[in-house]
Amino acid sequence: MSPYDAEPAHQLHVLVSRLDRNADQRLRESTDLTYQKFLALLTVRRLGETGPVTQRALADAVGLTEAGASRLVGSLRDAGWTDVRQEPGTGNRRSLVLTGPGSDQVDLALQLLEGSFARLLKAADVEPDELAGPVGRLLAAMDGGPR
């Protein structure tokens, strides 16, 4: 019996864990990013497409405490990849925005990771559309969306 003949939930956990570790290793070798920083920058970009991004929204989206998000945002700001801006008319509310260099880091990391993932899918003889449908539905179900 192969260790990969486990229950589907276990298989998925192992796959995601290994993908995360591999992504972190690739990013550290080729960029100035860790996988956590990349996910934070990508999340700021994606959430920013629909409005201001608060530190709280970032923490919720990437699964960090507010203290952890505060440290992460500080390191992103110190690297010059994000700015923290005061939102007019919102009291002390601040929003996160990507800087040009931050956006460049996201683009570079996406190119690196998407290429690596495409090679993995090809090696496993899996079409991207075969994976996208079920994964999207699982994520939507976890978010309380259509099932």
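Trainee: How does one read the relation of H2 and H5: are they roughly parallel or roughly perpendicular to each other?

Mentor: Two packed helices are described by the angle between their axes and by the distance between those axes. The axes of H2 and H5 come within 10 Å and cross at roughly 115°; H2 and H5 are therefore roughly perpendicular to each other. Axes are lines fitted to C-alpha atoms, for helices over the stretch in contact, and angles run from 0 to 180 degrees between N-to-C directions. Angles under 35 degrees count as roughly parallel, over 145 as roughly antiparallel, 65 to 115 as roughly perpendicular, and the rest as oblique. The model is predicted, with local features needing pLDDT of at least 70 and side-chain atom pairs pLDDT 80 or more, while totals for chains, interfaces and linings use all residues. Residues are numbered from 1 along each chain as its sequence is written, and side-chain values use heavy atoms, leaving out hydrogens and water.

Trainee: Which handedness does the crossing of H2 and H5 have, and which residues meet there?

Mentor: The crossing is left-handed (the near helix is turned anticlockwise from the far one by less than a right angle; clockwise would be right-handed). From H2, Tyr35, Phe38, Leu41, Leu42, Arg45 and Arg46 take part, meeting residues of H5 that include Gly102, Val106, Asp107 and Leu113; contact means heavy atoms within 4.5 Å. By class, eight residues are nonpolar, three polar and three charged (Ala, Val, Leu, Ile, Met, Phe, Trp, Tyr, Cys and Pro are nonpolar, Asp, Glu, Lys and Arg charged, the others, Gly among them, polar).

Trainee: What angle and axis distance describe the packing of H1 and H5?

Mentor: Helix H1 (residues 8-30) packs on helix H5 (residues 100-123) at about 135°, with the axes 10 Å apart. That makes H1 oblique to H5, and H1 passes H5 in a right-handed crossing. Among the residues that meet are Leu19, Ala23 and Leu27 in H1 and Leu112, Phe117 and Leu120 in H5. This contact has eight nonpolar, three polar and two charged residues.

Trainee: How much space lies in the largest pocket, and which element gives the most to its lining?

Mentor: Rolling a probe the size of a water molecule over the atoms shows where empty space is left. Here, the largest pocket holds about 2000 Å³. On a 1 Å grid over the protein atoms alone, a pocket is an open set of points where a 1.4 Å probe fits, with protein on both sides within 12 Å along at least five of seven lines; lining residues have an atom within 4 Å of a point. The volume is the space filled by probe spheres set on the points, which are joined across faces, edges and corners. Of 42 lining residues, Val16, Leu19, Asp20, Tyr35 and Phe117 lie nearest the centre of the pocket. H1 gives the most, with 13 residues. The lining divides into 30 nonpolar, six polar and six charged residues.

Trainee: How many helices and strands are there in the protein chain?

Mentor: There are six helices and two strands (DSSP runs, H or I of at least four residues for helices and E of at least two for strands, numbered from the N terminus). Their order from the N terminus is α-α-α-α-β-β-α-α.
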